[in-house]
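Please look at the sequence and the model, then read the points below.

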Amino acid sequence: MKVLPFTIPVPHDKTIIVQKDVLPHFYPHLHRHQEIQLMWIQQGEGTLIADNNMHRFRSNEIYWLGANQPHLFKSEASYFHPKSKKKVSAIAIFFNPSGQLSSFFDLPEINTLKRFLQQHSNGFKIPQENVSEIANKIVLLNKSNGVSQMIHFMDLLKSIAAIPSLLPLSMSTQPQNYSENEGLRISNIYNFIMQEYEKPITLEDAANKAHMTPHAFCRYFKKHTRHTFLSFLNEVRINEACKKLTNSNNETIANVAYSCGFNSITNFNRVFKRITNQSPSEYVERYFNREAK
């Protein structure tokens with residue numbers, strides 16, 4: 001039983017699971033499973049936590065998550081509003097190269113693909129210029145079965161493996177081994193921070209949420225996330241700031257800074273540049289220049 005253990009229901013006659021979901025929001029807990037997961041987010045936005053790294057996700061993006069890689073697609077807060085009519089939709093493909101497919105991946109002709117899986121255990125995001133091609137192949141896989149599905153699966157893997165310079169979602173070098181209780185506790189802490197980030201959260205607030213003393217919480221949080229509490233809180237705040245700076249509401253940098261929990265523009269600019277390697281204005285300019293291309 002590892003973080004939060006999540007068992008993919010595998011039919012007796014299937015080695016590749018294709019799952020289409022339309023839900024009010026994505027599964028809200030940090031979890032892991034033995035299967036590699038390819039996730040095409042057709043509709044939805046929020047924050048992906050992969051190991052101890054955060055990434056903004058939006059509609060029509062595709063993510064690869066390694067076997068046993070802790071992850072959480074945290075939908076935006078608006079999806080959890082009691083009166084929300086928003087929906088998320090996604091197609092997820094699950095397969096376990098160490099399960100029934102192991103003998104297949106041991107074939108000499110498949111060695112290149114097996115090496116690809118081993119080299120990308122920390123996951124990656126499909127580059128946007130490749131999304132259309134990969135999404136079309138996911139659709140074909142979803143519509144097929146039997147031998148045809150296996151052929152489409154191999155074609156999908158072959159196309160993904162041919163994409164150059166895939167950047168990992170996480171730089172973690174070994175999986176974190178949480179017990180189920182630890183997984184729940186970390187998940188609850190993550191959720192608390194991501195829901196309350198715009199408020200002046202203190203270390204004591206987070207420690208109380210975890211039912212720990214501040215000193216014990218600091219050691220626990222650093223051990224399990226490789227972040228200090230403040231560094232994680234700042235990353236959540238900057239991640240949310242990036243979303244607000246690039247939405248269609250034309251908010252000023254100052255308004256974004258204060259709405260994301262920073263008490264001064266100077267501190268916001270300093271933290272933003274440390275995390276993103278660019279100033280807020282540079283980030284906005286580069287983002288819209290990319291969107292215009």
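In what handedness of crossing does α3 pass α4? The crossing of α3 past α4 is left-handed, a term for a near helix turned anticlockwise from the far one by less than a right angle, with right-handed used if clockwise. The model is predicted: local features need pLDDT of at least 70, side-chain atom pairs count only at pLDDT 80 or more, and totals for chains, interfaces and linings use all residues. Residues are numbered from 1 along each chain as its sequence is written, and side-chain values use heavy atoms, with hydrogens and water left out.

**Confidence**
- The mean pLDDT of the protein is 88, and 90% of its residues reach 70 or more; pLDDT is the predictor's confidence in each residue, from 0 to 100.
- Over residues 1–6 the pLDDT is below 50, and beyond near neighbours in sequence this stretch has 26 contacts in the model (contact means heavy atoms within 4.5 Å).
- Where pLDDT is low, the predicted coordinates should not be read in detail.

**The sheet of five strands**
- Five strands form an open sheet in the order β1-β7-β2-β5-β8, with antiparallel pairing.
- Helices (H or I, at least four residues) and strands (E, at least two) are DSSP runs, numbered from the N terminus, and two strands pair if DSSP finds at least two bridges between them.
- At the edges stand β1 (16–23) and β8 (124–125), each with a single partner strand, so one side of each has no neighbour in the sheet.
- Helix α4 (residues 146–161) packs on the sheet and touches β1, β2, β5 (61–65), β7 and β8; the direction of α4 makes about 80° with that of β1 (axes are lines fitted to C-alpha atoms, for helices over the stretch in contact, and angles run from 0 to 180 degrees between N-to-C directions).
- Seven bridges pair strand β2 (residues 36–43) with strand β7 (residues 88–95) in the antiparallel sense, and I93 in β7 is the bridge partner of L38.

**Helices α3 and α4**
- The axes of helix α3 (residues 128–143) and α4 come within 9 Å and cross at roughly 165°.
- That makes α3 roughly antiparallel to α4 (angles under 35 degrees count as roughly parallel, over 145 as roughly antiparallel, 65 to 115 as roughly perpendicular and the rest as oblique).
- On the α3 side, E133, I134, K137, I138, L140 and L141 meet Q149, H152, F153, D155, L156, S159 and I160 in α4.
- Seven nonpolar, three polar and three charged residues make up the contact of α3 with α4; Ala, Val, Leu, Ile, Met, Phe, Trp, Tyr, Cys and Pro count as nonpolar, Asp, Glu, Lys and Arg as charged, and the others, Gly among them, as polar.

- Strand β3 (residues 46–50) and strand β4 (residues 53–57) run antiparallel and are joined by five bridges.
- β3 and β4 form a hairpin with two residues between them, and D51 in the turn has a positive phi of about 55°.
- In β4, R56 is the bridge partner of T47.
- A three-stranded open sheet has the order β4-β3-β6, with antiparallel pairing.
- The edges are β4 and β6 (71–75), each with a single partner strand, so one side of each has no neighbour in the sheet.
- Helix α8 (residues 229–245) packs on the sheet and touches β3 and β4, and the direction of α8 makes about 15° with that of β4.

**Helices α8 and α10**
- The axes of α8 and helix α10 (residues 265–276) come within 10 Å and cross at roughly 95°.
- That makes α8 roughly perpendicular to α10.
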